[in-house]
Amino acid sequence: MSDNPEQYPDAALAGIRQLLGLDLDAPIPTEQIAAVKMGTTVATNALLERKGDDTVLFITQGFRDALRIGYQSRPQLFNRHIVLPDLLYGRVDEVRERVRADGTIEVPLDIDYSRQQLLEAYEAGYRSIAIVLMHAYRYEDHELQLAALAKAIGFEQISVSHQV
């Protein structure tokens, strides 16, 4: 159900009433509702239309091409003309760090080098950053340090993989 102020004041409440078979002005029996989950297409449309800010990707060293390579699944296996989708970021910087799956730090975060990379990206006009480090879903410390540094430098949109 989309937003349509001429028909109803609140699209979400109108949708709930419609699902429950109620009139548009009837009270909602909240005791019958355990949860309401709602999504919009705003972010999806922004991605598809490439309308968001240009984003720099900060990724663990050695994984620069991981998103470009992807899964290598091809619907037409013998097609010689492969068209890859556009990337969602404009620049990639590799972060000198590595955390093993068990949490052992194999390569400590080189915060000084990362600061230099962040400053260069910021000076190049980037204000949006995606930080994606190996095993951060369990060991988020390096991502948090980079996010704090990016914020201090002035990045306006900071996405870290362990949170999104």
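Colleague: In which strand is Asp93 found?

Modeller: This is a predicted model in which local features need pLDDT of at least 70, side-chain atom pairs count only at pLDDT 80 or more, and totals for chains, interfaces and linings use all residues. Residues are numbered from 1 along each chain as its sequence is written, and side-chain values use heavy atoms, leaving out hydrogens and water. Helices (DSSP runs of H or I, at least four residues) and strands (E, at least two) are numbered from the N terminus. Among residues 91-95 sits Asp93, so the strand you want is β2.

Colleague: Thanks! Is Asp93 buried or exposed?

Modeller: With a 1.4 Å probe and protein chains only, buried means under 20% relative accessible area, exposed over 50%, and partly exposed in between. The relative accessible area of Asp93 is 9%, so this residue is buried.

Colleague: With the side chain of which residue does the Asp93 side chain make a polar contact?

Modeller: A polar contact is a pair of N or O atoms within 3.5 Å; within protein, one must be able to donate a hydrogen and the other to accept it, and residues adjacent in sequence count only if both atoms are side-chain atoms. Here the separation is 3.1 Å, and the partner of Asp93 is Arg91.

Colleague: Which residues does Gln117 touch, not counting those up to four places away in sequence?

Modeller: Gln117 lies in helix α4 (residues 111-123) and is buried, at a relative accessible area of 4%. Contact means heavy atoms within 4.5 Å. Asp93 lists Gln117 among its contacts, along with residues including Val56 and Ala121. From the side of Gln117, the residues touched are Phe58, Arg91, Asp93, Glu94 and Val95.

Colleague: What separates the C-alpha atoms of Val56 and Ala130?

Modeller: Val56 belongs to strand β1 (residues 55-60) and counts as buried at 0% relative accessibility. Beyond four places in sequence, its contacts include Asp93, Ser128, Ile129, Ala130 and Phe155. Although Val56 and Ala130 are 74 residues apart along the chain, their C-alpha atoms are separated by 6.3 Å.

Colleague: Which residue caps the N-terminal end of α1?

Modeller: Helix α1 covers residues 11-20, and its buried residues are Ala14, Gly15, Ile16 and Arg17. Just after this helix, Gly21 takes a positive phi of about 75°. At the N-terminal end, a side-chain oxygen lies 2.9 Å from the backbone nitrogen of Ala12, and the capping residue is Asp10.

Colleague: What phi does His135 have?

Modeller: His135 is found in the loop between β5 (128-132) and α5 (141-153). Although His135 is not a glycine, its phi is positive, at about 60°.

Colleague: Stepping back, what is the radius of gyration of the chain?

Modeller: The chain has 5 helices and 6 strands, following the pattern α-α-β-α-β-β-β-α-β-α-β. The globule rule (2.2 Å times the number of residues to the power 0.38) and the radius of gyration, taken over C-alpha atoms, can be compared here. The rule gives 15 Å for 164 residues, and the chain is more spread out than a compact globule because its radius of gyration is well over that, at 22 Å.

Colleague: Last one: how far apart are the centres of the positive and negative side chains?

Modeller: Lys and Arg count as positive and Asp and Glu as negative, while His and the chain ends are not counted. Each charge is placed at NZ of Lys, CZ of Arg, CG of Asp or CD of Glu. With 16 positive and 24 negative side chains in the chain, the centres of the two sets lie apart by 8 Å.
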